[in-house]
Amino acid sequence: MIADVLADTATRMDRAVDAAKEDFATVRTGRANPQLFQKIPVDYYGTPTPLGQLASLNSQEARSIIVTPYDKTALKAIEQAIRDTPNLGVNPTNDGNIIRVTMPELTEERRKEYVKLVRTKGEDAKVHVRGIRRKAKDDLDALKSDVGEDELSRAEKELDALTRSHVDAIDESLKRKEAELLEV
């Protein structure tokens, strides 16, 4: 029973770390990265749909992205969604078949804003991991009558080590992203 709780907790924490890494990838650096655009919600026939499902995204040069919609009728909606996305600061151009997005050069002030944004996302991810830990702790406490106190104490130490390793993984990803953002 304890092993099941710890295995489930490890899986959920792994997913939280992966989600944090994906979230970090959506913050732009000096280079054009197609992942920035993957999750942009586009109003496609009244349904918010991620841009990655509506178009192929290719990095043509260091600072430009080519968006090729699978359905040409969605061009205007995609263009509008990209334009309306906060924290990108881009103005897409539409030639009737594809959309070109040229990323402007980042200023030092803008880079620092992005570092703050990434730190906030990292802190949110760590809070999520700690929430998973809290639920696992409650699950372990519920098993108190079925298992001995020694086993429960050992399981709690394992849970703390698991939490610490996942928080450290988030911190490591955060440091890499910060370095990438501040790199000129």
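**Close-up views of the helix packing and a strand loop**

**View 1. Helix 1 and helix 6 are roughly parallel to each other, a label used for angles under 35 degrees, as against roughly antiparallel for angles over 145 degrees.** The axes of helix 1 and helix 6 cross at roughly 10° and come within 10 Å, where axes are lines fitted to C-alpha atoms over the stretch in contact and angles run from 0 to 180 degrees between N-to-C directions. By class, the contact of helix 1 with helix 6 has 15 nonpolar, four polar and five charged residues; Ala, Val, Leu, Ile, Met, Phe, Trp, Tyr, Cys and Pro count as nonpolar, Asp, Glu, Lys and Arg as charged, and the others, Gly among them, as polar. The model is predicted, so local features need pLDDT of at least 70 and side-chain atom pairs count only at pLDDT 80 or more, while totals for chains, interfaces and linings use all residues. Residues are numbered from 1 along each chain as its sequence is written, and side-chain values use heavy atoms, with hydrogens and water left out.

**View 2. Helix 5 and helix 6 are roughly antiparallel to each other.** Their axes come within 10 Å and cross at roughly 170°. The contact of helix 5 with helix 6 has 15 nonpolar, three polar and twelve charged residues.

**View 3. Helix 5 spans residues 108–142, helices being DSSP runs (H or I) of at least four residues and strands runs (E) of at least two, numbered from the N terminus.** The 35 residues of helix 5 reach 51 Å from first C-alpha to last, close to the 51 Å expected at 1.5 Å a residue, that is, 1.5 Å times one less than the number of residues. Its buried residues include Arg 111, Lys 121, Ala 125 and Val 129, and what covers the buried residues includes helix 1 (2–25) and helix 6 (149–182).

**View 4. Ala 16 is found in helix 1.** Ala 16 is buried, with a relative accessible area of 8% (buried is under 20%, exposed over 50%, partly exposed in between, with a 1.4 Å probe and protein chains only). Leaving aside residues up to four places away in sequence, Ala 16 touches His 128, Val 129 and Ile 132, contact being heavy atoms within 4.5 Å. The C-alpha atoms of Ala 16 and Ala 125 are separated by 6.7 Å, although the two residues are 109 residues apart along the chain.

**View 5. Tyr 45 lies in the loop between strand 1 (41–44) and strand 2 (47–50).** Tyr 45 is exposed, with a relative accessible area of 66%, and its phi is near 50°, a positive value in a residue other than glycine.

Conventions:
Parallel < 35°, antiparallel > 145°, perpendicular 65-115°, else oblique.
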